[in-house]
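Here is a short briefing to read alongside the model. Have the view open and follow along, starting with a pair of helices and then moving to the strands.

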Amino acid sequence: MKNLADRVVVITGSSRGIGAKTASAFLEQGARVAINGRNPDRLQKAQATIDPEKKNTLAIAGDMGDYEDSKRFISTVLKAWGTIDVLVCNAGIAMRGNFADLTPLVLRSVIETNIFGTMFPALHALPILKDARGSILIVSSLAGIRGLPGISVYSASKMALTAFTDSLRTEVRDDGIHVGILYVGFTENDPDKRIFRSDGELMPLNRPNHLTQKDVARKIVYQVRKRRDAIVMSPVGKIFAFAERFAPWLVSFLLRNMNAKVAEMSK
């Protein structure tokens, strides 16, 4: 899909952060973009920022982890624009804390948002993407390569997306649908971004950043255009993926020594 002009791109979790920057990047390529988020006010502000005249965007609020909301999102885009060429599954939520301390709220919220929030829109969009011979791009993280301490359920959700991507890609390859996954490293976040603490309360995200949101957005556009199956971002991410494949014992040793640092970051 080298030419993105007038293509219809649907991006979940795009009222801020990576999703909003990705919407801007596709707009710059001449695409029409449908954005989504659970907070209607924030979503409207995002639309006003990336497309002030609202000529090439749709803003549709809803929870992608909810089957009916995701169905309504996809059907609204189809009714307005007649097709969907690209689905970028970016909706997600993170957490910090040891598994033994997690509440059912944290477990359920992360699984529903990260897994169902990817699968439901993909399920609804699949027949449309088959007709368009389009693309599904799943935004994941390094936790989708190897489970990491202090983010057990988040890691489980991202590892699940790796398996889902592999399965779906094989199932729809003959239909001409591209299914890709992008493993994103530590990326800058909006100042007001919050993640789950182990007790279910929200906390600011405290970590170093190796990538900008624009870096990730540009890579998403590139991966869709080139129809690449999988990309690992950042030098740190590439080293991590290489070590996990060829020296998993070394990764295990290093991760054991991360426990204390992760515990401190979770407070």
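Predicted model: local features only at pLDDT ≥ 70, side-chain atom pairs only at ≥ 80, totals over all residues.

**Helix packing and a buried strand**

Helices H3 and H4 cross in the right-handed sense.

**H3 against H4**

- The axes of H3 (residues 67–81) and H4 come within 8 Å, crossing at roughly 30°.
- On the H3 side, Tyr67, Ser70, Lys71, Ile74 and Leu78 make the contact, and they meet Phe120, Pro121, Leu123, His124, Ala125 and Ile128 of H4.
- Sorted by class, this contact holds eight nonpolar, two polar and one charged residues.

**Strand E5**

- E5 spans residues 135–141 and is mostly covered, with seven of its seven residues buried.
- Side chains in a regular strand alternate between the two faces of the sheet.
- In E5, Ser135, Leu137, Val139 and Ser141 point one way, while Ile136, Ile138 and Ser140 point the other way; all are buried.

**The E4 side**

- E4 (residues 86–89) runs parallel to E5, and four bridges join the two strands.
- Opposite Ser135 of E5 stands Val86.
- Between E4 and E5 the chain passes through H4 (residues 104–132), giving a right-handed β-α-β crossover.

**The E6 side**

- Seven bridges pair E5 with E6 (residues 178–184), again in the parallel sense.
- Ile136 has Val179 of E6 as its bridge partner.
- Together with H5 (residues 152–172), E5 and E6 form a β-α-β unit that is right-handed.

Definitions and conventions
Residues numbered from 1 in each chain as written. Heavy atoms only, no water. Buried < 20%, exposed > 50% of the residue type's maximum accessible area, 1.4 Å probe, protein only. Pairing = 2+ DSSP bridges. Right-handed = clockwise from strand over helix to strand, strands pointing away. Axes fitted to C-alpha atoms, helices over the stretch in contact; angles between N-to-C directions. Left-handed = near helix turned anticlockwise from the far one by under 90°. Contact = heavy atoms within 4.5 Å. Nonpolar A, V, L, I, M, F, W, Y, C, P; charged D, E, K, R; others polar.
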